[in-house]
Amino acid sequence: MGKFQPIIEALAAGNVTGISGGEVKVYAQSLEESGSTKLLMIKDNASHTKYIVAVGEGELYDALEGEVQDGGKLCPLTHANRLVLNKYFPYTAPRAFGTQIATIGLGDRLGIASPGHIRTVKGRDVRPILAQQSIRELNLTGRDYKQVVDAACYAAFQEGYKDGFGADGDHLKVEADIEMSIGLGFTMLTLDCSEKIDNSIEGSSAAEQEAKYNQLPESVRSHYEARYLNQAFPAAGTTISFDRETLIKNVLIYGAAIDFMEHVYNTYIVTAGREIDFEISIDETATPTAPESHFFVAKELYSRGMTIYSMAPRFCGEFQKGIDYIGDIAQFEKELVIHAGLADDFGYKLSIHSGSDKFSVFALIGQYTKGRFHVKTAGTNWLEAVRTLAKVNPSLYRKMHQYALDHFEEATAYYHVKAELDKIAPLSEVADADLHTYMDEENARQLIHITYGILLQAKDAQGNSLFKDEFFRTLSEQEEAYAQSLISHIGKHLDLLGK
């Protein structure tokens, strides 16, 4: 008898409870049926490989790729099989959510965090964007967008999660990447306008700005002056006005970016043939986004016939990776009132980037957005994976920690952090049982946070993985512990956000 035969027989009989353990793990909540076909997610504990077992007959059974054995079909978690699941079970495909419900982006760099994320959000008044990766993250992890969406869809099937999830092409700048993500079924697009925003303007004089402005076509200057110059607009409970200097500065900083937003919207969003949650990122600026700048961008977009899902301004203070908010919380609150009010006036959601672990301001965000927000997290989920590893495989953690220290400077080319390595306790002074507490110390968190790509891609002289294979094997063996760690950590985020 093959090791899968008892499961195939139980599935055929419609009773899969109580058969997990030993050689095969069964995800009983995944049990599904369509026509004369029954499906179930399992994991071969020896190879750490997940499959969908199918029994029965009919179109669904025939459409799934796999090996027929013991009266059933063992189907690998391929891209083709994911598309079959999407067709027969629509809840396994990502969807758009619009502006009326809170969403949280849960960037899963490893492709194994989504089951824990689903359990975290289940029953809460928030929806998860399970697939959320930037091109930078994909390059550092060696994954592609197909794999990112596949992992999220299979997680929804595994958990039997039917409340819906999204897929975000995060921080996309290049049109080819935008076209690719929409073609792959992504339901959210975060347009990164950083390369179209002119950050040199902030450091120039009024005379220099006037001279540069006068070089713009007369039609462009007339457009903006007729719409904004010396006009006052009631918005967000205050009045926003544009004198000549303020208007010139905003046109020079954001004009090209607004044109790019309009082009992307009309070229890709309008023509997609389905709903796309379109987010505008203007947080990559030299200074915090002034209220009049936020208003200017939004007013111009909506005047051009666009509607957006969310906008991410740059807030005062610092939203660094993996640690709490740095800055004057009273000033943050004062500015948040305006930003949230502007989003409310126009009808989109306020988006908070690098939103993980900002515990000191989450309650304010929940309050002033009236619970209608989008918060992005990513690296904090990787950190919880490392925390889990440190608890159960201390020897591997020690090697990874040292390697991260040795290669920290390389990682700072991709991320801005404040980590001071000399403030991290030496490994020799930390007992195995306490290694997981590195994930509670800000400098160590940022060290591990930004070196994920270096650690996952590290190889020995023979080209073998230094850490990746053992890392994933350990987390497969400890998937319940990892899920519980995510439930606790991301659950704290949602509790403070009022969800």
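Let's talk salt bridges: a search of the whole structure turns up 32 of them. Here, a salt bridge means a side-chain nitrogen of Lys or Arg within 4 Å of a carboxyl oxygen of Asp or Glu. Keep in mind that this is a predicted model, where local features need pLDDT of at least 70, side-chain atom pairs count only at pLDDT 80 or more, and totals for chains, interfaces and linings use all residues. Residues are numbered from 1 along each chain as its sequence is written, and side-chain values use heavy atoms, with hydrogens and water left out.

Start with Lys25 and Glu479, whose closest N and O atoms sit 3.0 Å apart. Lys25 is in strand β1 (residues 24-34) and Glu479 is in helix α20 (residues 479-496), so this pair ties together parts that are 454 residues apart in sequence. Helices (H or I, at least four residues) and strands (E, at least two) are DSSP runs, numbered from the N terminus. Lys25 counts as buried, at 17% relative accessibility. Buried means under 20% relative accessible area, exposed over 50%, and partly exposed in between (1.4 Å probe, protein chains only).

Next, find Asp150 and Arg82, a salt bridge with its closest N and O atoms 2.7 Å apart. Helix α6 (residues 145-159) holds Asp150 and helix α3 (residues 79-88) holds Arg82, so the bridge links parts 68 residues apart in sequence. Both Asp150 and Arg82 are buried.

Now look at Arg304 and Asp259, which meet in a salt bridge at 2.9 Å, N to O. Arg304 counts as partly exposed, with 22% relative accessibility, and Asp259 counts as partly exposed at 41%. Finally, salt bridges that share partners join Lys25, Lys43, Lys50, Arg119, Glu159, Glu479 and Glu480 into one network.
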